[in-house]
Amino acid sequence: MSTATHSLPRTIGAHVVLLTYTVIALFPVIIVIMNSFKSRAAIFGAPLAPPTPNTFDLIGYTTVIGQGDFIHYFQNSLVVTVASLFFVLLFGAMAAFALSEYRFRGNSLMGLYLALGIMIPIRLATVAILQLMVMSGLVNTLTALILVYTAQGLPLAVFILSEFMKQVSDDLKNAGRIDGLSEYTIFFRLVLPLVRPSMATVAVFTMIPIWNDLWFPLILAPSEETKTVTLGAQLFLGQFVTNWNAILAALSLAIMPVLILYVIFSRQLIRGITSGAVK
Amino acid sequence: MGSLNIENVKKAFGPVEVLKGINLEVTDGEFVVFVGPSGCGKSTLLRVIAGLEDSTSGRVVIDGADVSATPPAKRGIAMVFQTYALYPHLTVKNNMGLGLKQAGTPAAEIDRRIGIASSMLSLEPYLARRPAELSGGQRQRVAIGRAVVREPKLFLFDEPLSNLDAALRVNTRLEIAQLHRRLKATMIYVTHDQVEAMTLADKIVVLNAGKIEQIGGPMELYNSPANEFVAGFIGSPKMNFVDGARLGETAKTIGVRPEHLTVDAKSGAWMGTVVHAEHLGADTNLYLDCEKAGLITVRIFGVYNAEPGATLYATPDPARTYRFGADGKVLK
């Protein structure tokens, strides 16, 4: 082992810093999951203690599954997240391709316009969006949420993807043109596979705020039919009594799907973040 | 079946004029090399021929048909790129066959053509591999193979050897020359390397700043360059240019190639000091700082021992001395 690049104190120091950060980051999540398996008395008695045989209780989970239509809420969340993600990636990548590939009048203005949304929070336009949805009869539909989230995710997607698309070799695209591939085939078959890591990065950045959002489901789709998980969990938050067991169980369950999606994307994500830094 | 006419082609990117009116005629079966310093517009001209860039004005005619508005795939051309530009997700075989598949060629015919091309370029063992599993030289051969299977009217090469190392460059150059002899196809080749231009071309087109400086065979350009730019660009080491006034000549500039100078230790036209000597075995390059002519290069065939600091006399061959006027053109 060479000592030029690895010194023991430094290695220990780095690990201490990283482990501390990991503990801080995971602490709230672990508290939520731990307490979701405890009885109500135990949650308040010893909130930091892990469940023991005495305090172990699945009451939260049985309430969540028994009461309300939680499976249905999950479905709604999943449909909204996956559909929005799909449209953000599709339209974001297409816009990014156009901006990076074609020379046209107003190209950089258009790029600026599309990126402007990063700086202006979409929630400022809530009233206008609600009026629009009411007029077009989309209130209390998942379509309303998908449209809003697609609009919300596009600016960042266009901004990140157009940078990556510029790095795809021009020769490769031109070779495709000479071989008679259409612009769509060039985009889907040649360019998209090469920017896959950056697509995963965008996917993660887009997915998490959508899954966790409470604002738009509450305003645009609060009906029983279209409730998402985050909104559904509010069911247990009463004005006078709050069913903490059920809320903690619902939140623990809500982590799962987004965690699975994250694991799928993260293998690409590492490459997305480091690409360009190392050849 | 593979002629090309370029008529007054101009290309501007915004206010920057890259091609300033190019006229060129290429006959069937010719190997034409576009050569020039970087930024002279040679690659842009090739892309205009390929249809990857639209010209601002002018016509591109392939085989008598005006293709100015035809998409690249329908022009009957094939192109080899500097960066190979192979499809990373396809095998060598599918890389070569994709263009034909897009054009709706029957599978049996595609296989036949891939068979011929791969044996010509000794690519048979690699047909099932992906580009990532090939070396640089093999990748460029696949790229050439991809062009060959299309049986185009016109082959276009965009600096195909620039990414290869020196030894491989010589080999691949030879392969391209053999390919041209065997296929008897029209080829257009872009390079900034005048050695490639001299060794491969039937006809060289020297470009500078978006204009054609001279068109001619390699020896024609070497022996009778039209102007100072071509004289300096063709030939290595570069031609020596001496201010005419310093030599008491009427011409603005006097040019003499390093190989057309002789040196003598005792007497000669220009007295100078040896600054540096490069011994290459087959020949020796001497750099002399002359009183009259300034810093000049002399190329001597064989070994010549000269220490830096020694005094030598260089004499130009009067029959092979070029005289250039104030406008850079050769004076007859």
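User: A nonpolar core is a set of buried Ala, Val, Leu, Ile, Met, Phe, Trp, Tyr and Cys residues joined through C-beta atoms within 7 Å; which residues of the largest one touch the most other members?

Analyst: The largest nonpolar core has 128 residues, and those that touch the most other members are L145(A), L161(A), V33(B), L156(B) and I188(B). Buried here requires 20 or more other C-beta atoms within 10 Å of the residue's own, exposed means 12 or fewer, and partly exposed lies in between, with C-beta atoms placed from the backbone. This is a predicted model, in which local features need pLDDT of at least 70 and side-chain atom pairs count only at pLDDT 80 or more, while totals for chains, interfaces and linings use all residues. Residues are numbered from 1 along each chain as its sequence is written, and chains are lettered from A and ligands numbered from 1 in the order in which they are written.

User: Which element gives the most to that core?

Analyst: Helix 7 of chain A, residues 142-166, gives the most, with 15 residues. Helices (H or I, at least four residues) and strands (E, at least two) are DSSP runs, numbered from the N terminus.

User: And what does I188(B) touch?

Analyst: Leaving aside residues up to four places away in sequence, I188(B) touches V26(B), V32(B), F34(B), L46(B), I49(B), L154(B), F155(B) and L156(B), where contact means that the two C-beta atoms, placed from the backbone, lie within 7 Å. There is also a second, separate core of twelve residues, which includes F70(A), Y73(A), A246(A) and A254(A).

User: OK, chain contacts: how many residues of chain A are in contact with chain B?

Analyst: Twelve residues of chain A are in contact with 17 residues of chain B. On the chain A side, the elements that give two or more residues are helix 8 (170-178) and helix 9 (183-194), and helix 8 gives the most, with six residues.

User: What classes do those chain A residues fall into?

Analyst: The side of chain A that touches chain B divides into six nonpolar, three polar and three charged residues. Ala, Val, Leu, Ile, Met, Phe, Trp, Tyr, Cys and Pro count as nonpolar, Asp, Glu, Lys and Arg as charged, and the others, Gly among them, as polar.

User: Staying in chain A, what does the domain assignment give?

Analyst: The assignment, which is automatic or from a database, gives domain 1 (1-57) and domain 2 (68-274) of chain A. Their centres, taken over C-alpha atoms, are 31 Å apart, and seven residues of domain 1 are in contact with seven residues of domain 2. Helix 1 of chain A supplies the largest share of the domain 1 side, five residues.

User: Switching to chain B, what is its secondary structure?

Analyst: Chain B has eight helices and 18 strands, and 40% of its 332 residues count as buried. One open sheet of six strands has the order 6-7-8-3-9-10 with mixed pairing, two strands being paired if DSSP finds at least two bridges between them. The edge strands of this sheet are strand 6 (77-80) and strand 10 (211-216) of chain B.

User: How is strand 9 joined to strand 10 there?

Analyst: Strand 9 (residues 203-208) and strand 10 of chain B run antiparallel and are joined by five bridges, with V205(B) standing opposite I215(B). Strand 10 of chain B also holds Q214(B), which is buried because 20 other C-beta atoms lie within 10 Å.

User: What about the sheet of four strands?

Analyst: That open sheet of chain B has the order 2-1-4-5 with antiparallel pairing. Strand 2 (16-26) and strand 5 (65-66) of chain B stand at its edges with a single partner strand each, so one side of each has no neighbour in the sheet.

Notes: Core = buried A, V, L, I, M, F, W, Y, C linked by C-beta atoms within 7 Å.
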